[in-house]
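Subject: Structure handover and findings

Dear colleague,

Please find below the structure for your review. The findings follow it, grouped by region.

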Amino acid sequence: RSEGVTQNQAGHLDMISTAGEHLLSLINNILDLSKIEAGKIELERKPVNIRKLVDNVAIILGDRAREKGLALTVDVGECDAHLLGDPTRLQQCLVNYVTNAIKFTSTGSVTLRVVVLAQQAESVALRFDVQDTGMGIDAETLPRLFSAFEQGDRSTSRQHGGTGLGLAITRKLAQLMGGDAGASSVPGQGSTFWFSVRLPRRSEGPALPAGAA
C-alpha cells in the first residue's frame, strides 16, 4: 500500500486489513476466555487512576464516535486517585462496552459514567456505566448476552460483526475483580451496560470523599 496502489487495490487491502484485525480480535478473545476459565489469568495490582483511565478510553474511541455524529461524554465525579488494580483489564472492559455502544447507536450520544457504590478503609467499590441512545434490546434477548458466543442478532444476515465473547469476558473479569456485570435496556430508547469492581486503596491515599451510591 505504501508503494502506491490503485483505488481498487486499496479497497481490497482495506478488506484484508479489516479481516485480519477481526481474526486477531477473535483469537485474543478466545485465549482470554480460555485462560479465565482455566484459572490461569493473573490480574495486575498496581496504581490505577480512574479518571485518567476513563479519559484515555474516550480518546481512543472519540474519532469513531465523531465519525457517526455521536456525542461521547464522560462523568467521573469524585473518585479516589489512590487505588490499586489492573489498568489494562479495566480498560479492556470499558473499550468493549463503549465500542458496542457506538456500534449499535445511530444518533444521539454515548455516556461513560463512574459511580461510587461503597467505600471502606481498605477498598472502594465502583460501578462503570456505559449508556447509549441506540436501538435497545428486548427483554428476552438481554439475559443471554453475557454468555459466550451469544449475540443479540443470531441471523445470518445480521448487520453488525462481532464474536459474542466480549461481554462474557467482561463479566468474568469483573467477577475476578470482586464485582459483576449486567445491562438494562428499553427497545427503541437505548441501553445501559455496567460492570462493578472492588479496588483496594493504596496505603498513602487519602480518604475518598462521599460519593453517590
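Helices (H or I, at least four residues) and strands (E, at least two) are taken here as DSSP runs, numbered from the N terminus. On that basis the protein reads α-β-α-β-β-α-β-β-α-β-β along its sequence, with 4 helices and 7 strands.

This is a predicted model, in which local features need pLDDT of at least 70 and side-chain atom pairs count only at pLDDT 80 or more, while totals for chains, interfaces and linings use all residues. Residues are numbered from 1 along each chain as its sequence is written, and side-chain values use heavy atoms, with hydrogens and water left out.

Overall figures

Accessible areas come from the Shrake-Rupley method with a 1.4 Å probe, and for residues only the protein chains shown count as cover. The accessible surface of the protein is about 11,800 Å², and carbon and sulfur atoms hold 52% of that surface. A residue is called buried under 20% relative accessible area, exposed over 50%, and partly exposed in between (1.4 Å probe, protein chains only). By this criterion, 38% of the 213 residues are buried. Contact means heavy atoms within 4.5 Å. Among contacts with a separation of 6 or more, 72% involve residues 24 or more positions apart.

Leu23, Ile27 and Leu31 make a nonpolar surface patch of about 270 Å². Patches are made of residues with over 30% relative accessible area and no salt bridge; like charges are joined within 9 Å, and nonpolar side chains (Val, Leu, Ile, Met, Phe, Trp, Tyr) within 5 Å. Ile27 belongs to helix α1 (residues 7-37) and is partly exposed, because its relative accessibility is 40%.

In helix α4 (residues 166-176), the buried residues are Gly166, Leu167, Ala168, Ile169, Thr170, Leu173 and Ala174. Gly178 follows α4 and has a positive phi, near 80°.

Strand β5 spans residues 123-132, and Ser123 lies in it. Ser123 is buried, at 8% relative accessible area. Apart from neighbours within four places in sequence, Ser123 contacts Arg198, Leu199, Pro200 and Arg201.

The Asp132 side chain reaches the backbone nitrogen of Gly134 at 2.8 Å. Asp132 and Leu72 are 60 residues apart in sequence, with a C-alpha to C-alpha distance of 9.4 Å.

Two strands pair if DSSP finds at least two bridges between them. Strands β6 (residues 181-186) and β7 (residues 190-200) run antiparallel and are joined by 6 bridges. Within this pairing, Ala183 is opposite Phe193 of β7. The hairpin has 3 residues between β6 and β7, and Gly188 in the turn has a positive phi of about 85°.

Salt bridges

A salt bridge is a side-chain nitrogen of Lys or Arg within 4 Å of a carboxyl oxygen of Asp or Glu. The whole structure contains 5 salt bridges; three of them are described here.

- Lys46 and Glu44 meet at 3.5 Å, N to O. Lys46 is partly exposed at 37% relative accessibility, as is Glu44 at 38%.
- Asp63 and Arg66 meet at 2.5 Å, N to O. They are 3 residues apart in helix α2 (residues 50-67), so about one helical turn separates them. Asp63 is partly exposed at 49% relative accessible area, whereas Arg66 is exposed at 56%.
- Asp129 and Arg127 have their closest N and O atoms 2.8 Å apart. Asp129 is buried at 6% relative accessible area, while Arg127 is partly exposed at 25%.

With kind regards

Technical notes. A polar contact is a pair of N or O atoms within 3.5 Å; within protein, one must be able to donate a hydrogen and the other to accept it, and residues adjacent in sequence count only if both atoms are side-chain atoms.
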